[in-house]
Amino acid sequence: MCKSITEYRINKKGAECFRTRDLEACREKLRELDARRPGVYTMQSRSCLLDRHGVMDSKYNGEPNWSIWR
């Protein structure tokens, strides 16, 4: 079974406001932002597979091979 690591981000009007790997922290920040400055915020996620040693899958140039933001 393959493991993966996931990143989460919050956007407002196409601008990134916050990024983390902790889902609960992202949800808490989303509530905080919405209470402080109401608006239309979107939360997205992306993931990267890990090999059996816990190393992130990488592209030919060494950068992590992240999926697209969903």
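**Surface, fold and core**

Guide: The protein exposes about 5400 Å², and carbon and sulfur atoms supply 50% of that area. Accessible areas come from the Shrake-Rupley method with a 1.4 Å probe, and for residues only the protein chains shown count as cover.

Visitor: What kind of model is this, and how are the residues numbered?
Guide: This is a predicted model, in which local features need pLDDT of at least 70 and side-chain atom pairs count only at pLDDT 80 or more, while totals for chains, interfaces and linings use all residues. Residues are numbered from 1 along each chain as its sequence is written, and side-chain values use heavy atoms, with hydrogens and water left out.

Visitor: Which elements does the protein have, and in what order do they run?
Guide: There are one helix and three strands, and from the N terminus on they run β-β-α-β. Helices (H or I, at least four residues) and strands (E, at least two) are DSSP runs, numbered from the N terminus.

Visitor: What radius of gyration does the protein have?
Guide: The protein has 14 Å, whereas a compact globule of 70 residues would have a radius of gyration near 11 Å. That radius is taken over C-alpha atoms, and the globule rule is 2.2 Å times the number of residues to the power 0.38. Along the principal axes, the C-alpha atoms fill a box of roughly 40 × 20 × 15 Å.

Visitor: And how much of the protein is buried?
Guide: Buried residues make up 21% of the 70 residues. Buried means under 20% relative accessible area, exposed over 50%, and partly exposed in between (1.4 Å probe, protein chains only).

Visitor: Which residues form the largest nonpolar core?
Guide: Five residues: Y8, I10, C26, L33 and Y41. Strand β1 (3-12) and helix α1 (23-36) each supply at least two residues of this core. A nonpolar core here is a set of buried Ala, Val, Leu, Ile, Met, Phe, Trp, Tyr and Cys residues joined through side-chain atoms within 4.5 Å. In soluble globular proteins, nonpolar side chains tend to be buried together.

Visitor: Staying with I10, what is that residue in contact with?
Guide: Leaving aside neighbours within four places in sequence, I10 is in contact with A15, E16, C17, F18, C26, K29, L30, L33, Y41 and T42. Contact means heavy atoms within 4.5 Å.

Visitor: How many of the contacts join residues at least 24 apart?
Guide: Among contacts between residues at least 6 apart in sequence, 45% join residues at least 24 apart.

Visitor: On to S45. Where is S45, and is it buried or exposed?
Guide: S45 is in strand β3 (residues 41-50). S45 counts as buried because its relative accessibility is 19%. Not counting residues up to four places away in sequence, S45 touches T6, E7, Y8, I68, W69 and R70.

Visitor: Now the loops. Where is K13, and what is its phi?
Guide: K13 is in the loop between β1 and β2 (15-20). Phi of K13 is near 55°, a positive value in a residue other than glycine. At 79% relative accessibility, K13 counts as exposed.

Visitor: What does V40 touch?
Guide: With residues up to four places away in sequence not counted, V40 touches N11, K12 and K13. V40 lies in the loop between α1 and β3 and, at 66% relative accessibility, counts as exposed. V40 and K12 are 28 residues apart in sequence, and their C-alpha atoms are 6.2 Å apart in space.
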